[in-house]
Amino acid sequence: MGEVEQRPTAGSRLGVQENAGISTLEHGQKLPATPTGKLISVKIQMLDDTQETFEVPQRAPGKILLDAVCNHLNLVEGDYFGLEFLDHKKIMVWLDLLKPIVKQIRRPKHVVLKFVVKFFPPDHAQLQEELTRYLFALQVKQDLAQGRLTCNDTSAALLISHIVQSEIGDFDETVDREHLAKNKYIPQQDALEDKIMEFHRNHIGQTPAESDFQLLEIARRLEMYGIRLHPAKDREGTKINLAVAHTGILVFQGHTKINAFNWAKVRKLSFKRKRFLIKLRPDVNSSFQDTLEFLMASRDFCKAFWKICVEHHAFFRLFEEPKPKPKPVLFTRGSSFRFSGRTQKQVLDYVKEGGHKKVHFERKHSKIHSIRSLTAKPSEQHSEVPKQSCSFTYGDGADSPAVQSCRQVKELKIGMEDGGQHTSPSLKKSPKEGRRLDGAVMATMEEEEEVVKDRSQQSRSQTQQPSTDSLAGSPHLSELSINSQGGPAVANATLSPNLSPDNRQASPLVSPLLNDQTGVRTDDEEDVRRKRFPTDKAYFIAKEVSTTERTYLKDLEVITSWFQSTVSKEDCMPETLKNLIFSSFEPLHKFHTNFLKEVEQRLALWEGRSHAHSKGDYQRIGDVMLKNIQSMKQLTVHLRKHSEVLVELENGIKNSRKLETLCREFELQKVCYLPLNTFLLRPLHRLMHYKQIMERLCKHYPPNHVDFRDSRAALAEISEMVAQLHSSMLKMENFQKLHELKKDLIGIDNLVIPGREFIRLGSLSKLSGKGLQQRMFFLFNDVLLYTSRGLTSSNQFKVHGQLPLYGMMIEESEEEWGVPHCFTLRGQHQSIVVAASSRAEMDKWTEDIQMAIDLAENCNGPAPEFLGSSPPDSKSPEESTIDQESEDDLNASHTSLERQAPHRGNTTVHVCWHRNTSVSMVDFSIAVENQLSGNLLRKFKNSNGWQKLWVVFTNFCMFFYKSHQDNHPLASLPLLGYSLTIPSESENIHKDYVFKLHFKSHVYYFRAESEYTFERWMEVIRSATSPASRIHVLSHEESHVY
């Protein structure tokens, strides 16, 4: 919409591709019809200090102009920005988006509007686009130069050092001095020059995007960040300044904040001539009057400030744009002004759902060409900066010449059905990448919120035990992590499209976008294959034994082969512990290797693939199961040791930092696709699977069937074994879950204590002075913890507080607070207000909490507090304020974070955080029972062919392999939050045994080979997509003792 055709536009200067842009309207809402008629030219000063001219219809409302600017920049999150200008009374005001421009600006040709940040969120990580963070960084740079953002010299120097790193790259003393001489970032900069260079020296290797992130991380903690002062006087005539922020209305004396009125305290805002009035909610503990009055310079000043207060309240506190008031018939009273546009919640939801097309952009001031590159050097992989871009590392990781734009990769289209390799022209490769990447797995990145882990080693090649590709990378939570198999080429992608308030990497949730050129099966091949094999249900039950046994054997090899090899290379595990672990697992591995051979031989005879085949004699599996289950009873002595193995390993990790590091690094390897201690419980879980399989077989056979007697006898034998070990297994599952949660939490001590039982974890919104803030809650039988995402490279959750359950009460409080699915938890010492994402989630939480309260009441008394370094947060919603950090601590925050130990980033906790859901211990127990493996055909929503994959379903997640022989998965798809349905006629899926998985706009179709396997996949996946609604926990008398 710029008027000059030949002049470079702001978009072209930033390197933006031309497109239609993104409207700031809510998704699905239509822009008002653009008025026709005479065009007027409006000048806009951008954040990079350039001017652009736009032509808009004379009668167009302000929204048309703001949308034109956002479209021009291809800015998705334009709702954080606004246009301000000096009106005819020399008052700086914001352009009203609903009023015609000509009614607000008398002479548009002679007025320059400024495109600036209007709404500053509480955490810059809520800004999900790198372009948005870049524009915010420009705003901080501008505020520093103009003296608006005041701070001490240390903070100022640190801020400028990040700006310099973004603009000229790594430290060079000569270049730095020249650059600082030419560019003045702050008044009296000369006195800070040495300190700026000292800080800049520490930023080596930091990309411009990382510098923006660190700049905003420091700036947001400063008291004057995002503050625009409005002069006023109080009732006594004392000169003060008023300001508005996301938390509420602030009162300053000079540049010092002396008071704050959180939105939760404010009942009404109004103005009467020059008087600005704040009506507070009644509070017996407060010394404030009911209504506060401030005097401003004029009515126009007062009204301008009132408007921006109304807009801030609506943007940060409301779920959706307020509806316009009905027009009065005769008389009007008060202002008709209202907030127009999307609220922050709507903006976050829109970007999370992927309703936009990301584009590449260049930075005007930066001299670094790899602008979007966020690939760190191997020694820098633990940076806590969110990885907005994708880094593809080929070979051994030392040679990683190409770094691709996240937005370019999102547009990459791969032909999965015809087996061809298609690469987008926008995906540029360096000469070193030009070679053919045999075995590399390419992907179409459709999924916006999937959790997948990059299991590569930190700062070094992965352990080379039974041959795995070496890969340099990081254990970050990534949107897509795809690892090749069978060749030197490895593709590793790390994205961050969904940055929630404390997010440091991508949100968990990634599609299994695999391209197996040899795995596409035509329909004719499938039909021929289906006719050749037996159709008896017993055959498919026997086949399930075979497919799941293959996975179980691979899981045993994680311990007996991969882990044993890793341990043998490092002298950090005591010999007694080595002998205990491996002497228990090696006999099991040997036995089940032979068992699998027997089952596969029987299936070959059953299918007629053997010359020894004789019809009828081998069309059964009960005899094979009976023989091996009876032999398995001799291994019970090893199975009973698994509890001891789990406890002793955790004790060894607790007592040895070296062993702890070894185990955590092993968990980052690709073969360890689940937590290490989960593999230690696999033999006990496998017994339950045998029991379920034999139950289905006995139910299928009539009493007179030749295989019925053996099957029933096998069922009796395995049921006896399960009964003997069941109690021990329940205790160990709880023990394992507590230790797994311990790795996800920081700021807590002695989480694992005798008698403590895990009940539920999940995401809830906690109401505070900031509004609704997402928090992760952990419910145990004696205490409720609430946490937020910590600023660590591992995305661990920092404990904010605890609520002992003894004496707690639950109250529904939707009407009191006006928040859907809201309830209050009243403890003996503190109360909090939380909101669930849905009524069903609210019912689960209240039911489980009430049951836990009842358990706690039956105990002898309240549980002792067990928080470590994090004190409990005892603030009520009305009293909560922003957590402040002194400016002197800001410099130390970055380096201390990088020392965090490596940690897995795709745990169930992270999935629940991003999917805004919860799971209980009952759900975990059901997930243990519902595990399945086998081949499935997979199809995307917009594709035609079907791709064959080996799929393992466990732990609420589908893991995808090229074949069952692969040692590690290529990708994974967590299913929490997904819906499981059957395709409708309108979807044109004209095949049998097809089920559909969809989450928001992400749709996948999977096709099974038979009715039995179709029903089994539906059954196990439903257990993950429809978690249990009721909880069952052991009574206090059955508490777990370790």
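## A sheet, its core and a buried helix

Leaving aside neighbours within four places in sequence, F115 is in contact (heavy atoms within 4.5 Å) with I44, Q45, M46, L47, L66, V69, L73, L75, F81, G82, L83 and L135. This is a predicted model, in which local features need pLDDT of at least 70 and side-chain atom pairs count only at pLDDT 80 or more, while totals for chains, interfaces and linings use all residues. Residues are numbered from 1 along each chain as its sequence is written, and side-chain values use heavy atoms, with hydrogens and water left out.

F115 also belongs, with I44, L65 and L113, to the residues that have the most contacts inside the largest nonpolar core, which has 82 residues. Such a core is a set of buried Ala, Val, Leu, Ile, Met, Phe, Trp, Tyr and Cys residues joined through side-chain atoms within 4.5 Å, where buried means under 20% relative accessible area, with a 1.4 Å probe and protein chains only. Another core, of 78 residues, lies apart from it and includes W562, M573, L684 and M721.

An open sheet of five strands has the order β2-β1-β5-β3-β4, with mixed pairing. Its edge strands are β2 and β4, each of which pairs on one side only. Strands here are DSSP E runs of at least two residues, and helices are H or I runs of at least four, numbered from the N terminus; two strands pair if DSSP finds at least two bridges between them. Two of the pairings are set out below.

| Strands | Sense | Bridges | Facing residues |
|---|---|---|---|
| β3 (residues 81–86) and β4 | antiparallel | three bridges | E84 and W94 |

Five residues lie between the strands in the hairpin of β1 and β2, where D49 takes a positive phi near 70 degrees. Strand β2 (residues 51–57) is mostly covered, since five of its seven residues are buried. Helix α2 (residues 62–73) lies across β1, β2, β3 and β5, running at about 130 degrees to β2; axes are lines fitted to C-alpha atoms, for helices over the stretch in contact, and angles run from 0 to 180 degrees between N-to-C directions.

Helix α8 (residues 208–219) is largely enclosed by the rest of the structure, because 12 of its 12 residues are buried; among them are F213, L215 and L216.

The structure holds zero disulfides, a disulfide being a pair of cysteine sulfur atoms within 2.5 Å. For C572, the nearest cysteine sulfur, that of C663, is 7.2 Å away. C572 is buried, with a relative accessible area of 10%, and C912 is buried with a value of 0%.

Notes
Buried means under 20% relative accessible area, exposed over 50%, partly exposed in between (1.4 Å probe, protein chains only).
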